[in-house]
Amino acid sequence: MKITKSDFGTTNTGENIHIYHLENTSGAYVEVIDFGCRLVKIVVPDREGSMTDVCLGFDAMEGYEKDDASLGAVVGRVANRIKDGHFSLNGKDYQLAVNNGSNHLHGGLVGYGSKQWDAKIKDDKLILTMNSPDGEEGYPGNLTLSVTYGWSEDNELSILYEASTDTDTLLNVTSHGYFNLNGEGASDILSHELFIDADMITELDDTQAPTGKLISVEGTPFDFRTMHTIGKFLSSDYEQLRKFGTYDHNFVINGTGLREAAVLQSRDSGIRMTCFTDQPGMQLYVANQPINLPGKNGKSYERHTSVCLETQHFPDAINHENFSSIVLTPEEPFRSKTLYHFSTF
């Protein structure tokens, strides 16, 4: 597996951004930029052997700087929502920016997806590291986060997250890749078939923050335990779908440790993506509005033309004692792995 580095562009503040090309001997490849630790391309063969880019993105830095949808980014310090932007930790109250309705989303006004990361190539891995100072976006503690990307000979993308802090803080990071297995910029993904190994979802209130209640998927449009198309129940009158007009919910993945969480596949292209994670949850997001900027080659990314499978801890976990903790302490560094394996059928 070969990794090469080249220039990608310059930010509006003069930072030079680089793109890293990870290619295996079959010619399948992944590209990552050190701005936001973002996935730019994932190019894999379809059932006919034609190389297909299944990851939405932009051709130039300008798109990523103006992007408000976190395309391909690693988001944090806390991905997803914190209700009212408020939490308490060790007896102290914290108020974060409210940047999504009444809630805090994906780390705030300038999340990790909008920062330049330090990158190095080590053997067959790409390691990107970012330091988040105490008080950044209102969070306590100096935090160091490293993300290691790997790309295998059998077309498996590995993402390893490692983090440490000098004082108690919060951490819940995820990769916000947008996928279309017929090729980025292709038709909608409503005919894509999806399996999710989850018996429960976290119920959302009217602001899209969790209530703290877990809902069984049994008999609901959220039951993907038997694979079916994403569009099958999308227009259902079920309250959790009707409220928001799309799937944008955290699924409680069954089991523990590194295990299969989801399978996404397209009968048109014959491409299958299998997601493995050691995280307790996964956010299913079916993009419900157009991306506000032209994508690669000037393509228009319309609503329902991509889907995100974001492995994570539960949203707003700090405000719900029954959710697994997202408190990061100096004594226990964070380490988590997610895999996206691409194959054909």
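Biologist: At what distance does the side chain of Glu-137 reach the backbone nitrogen of Leu-109?

Modeller: This is a predicted model; local features need pLDDT of at least 70, side-chain atom pairs count only at pLDDT 80 or more, and totals for chains, interfaces and linings use all residues. Residues are numbered from 1 along each chain as its sequence is written, and side-chain values use heavy atoms, with hydrogens and water left out. A polar contact is a pair of N or O atoms within 3.5 Å; within protein, one must be able to donate a hydrogen and the other to accept it, and residues adjacent in sequence count only if both atoms are side-chain atoms. For Glu-137 and the backbone nitrogen of Leu-109, the distance is 3.0 Å.

Biologist: Which residue has its backbone nitrogen 2.7 Å from a polar atom of the Glu-137 side chain?

Modeller: Start with the location: Glu-137 sits in the loop between β12 (125-132) and β13 (143-151), where strands (E, at least two residues) are DSSP runs, numbered from the N terminus. Not counting residues up to four places away in sequence, Glu-137 touches Leu-96, Ala-97, Gly-107, Gly-108, Leu-109 and Val-110, with contact meaning heavy atoms within 4.5 Å. The nitrogen at 2.7 Å belongs to Val-110.

Biologist: What is the volume of the largest cavity?

Modeller: On a 1 Å grid over the protein atoms alone, a cavity is a set of points where a 1.4 Å probe fits but cannot get out, a pocket is an open set with protein on both sides within 12 Å along at least five of seven lines, and lining residues have an atom within 4 Å of a point. Grid points are joined across faces, edges and corners, and a volume is the space filled by probe spheres set on the points. Glu-136 and Glu-137 both line the largest cavity, as do Ser-132 and Val-110. Its volume is about 40 Å³.

Biologist: Which residues lie closest to the centre of the largest pocket?

Modeller: The largest pocket has a volume of about 710 Å³. Its lining splits into 12 nonpolar, 16 polar and 6 charged residues (Ala, Val, Leu, Ile, Met, Phe, Trp, Tyr, Cys and Pro are nonpolar, Asp, Glu, Lys and Arg charged, and the others, Gly among them, polar). Of the 34 lining residues, the closest to the centre are Asp-68, Ala-69, Ser-70, Leu-105 and His-106.

Biologist: How many aromatic pairs does the structure hold?

Modeller: Rings of Phe, Tyr and Trp (its six-membered ring) pair if their centres lie within 6.5 Å; planes under 30 degrees apart are stacked, over 60 edge-to-face and the rest tilted. By that rule, the number of aromatic pairs is 13.

Biologist: How far apart in sequence are the parts tied together by Tyr-178 and Tyr-285?

Modeller: The ring centres of Tyr-178 and Tyr-285 are 6.4 Å apart with planes at 85°, so this pair is edge-to-face. Tyr-178 lies in the loop between β16 (174-176) and β17 (193-196) and Tyr-285 in strand β24 (residues 281-286), so the separation of the parts is 107 residues.

How values were computed: Helices (H or I, at least four residues) and strands (E, at least two) are DSSP runs, numbered from the N terminus.
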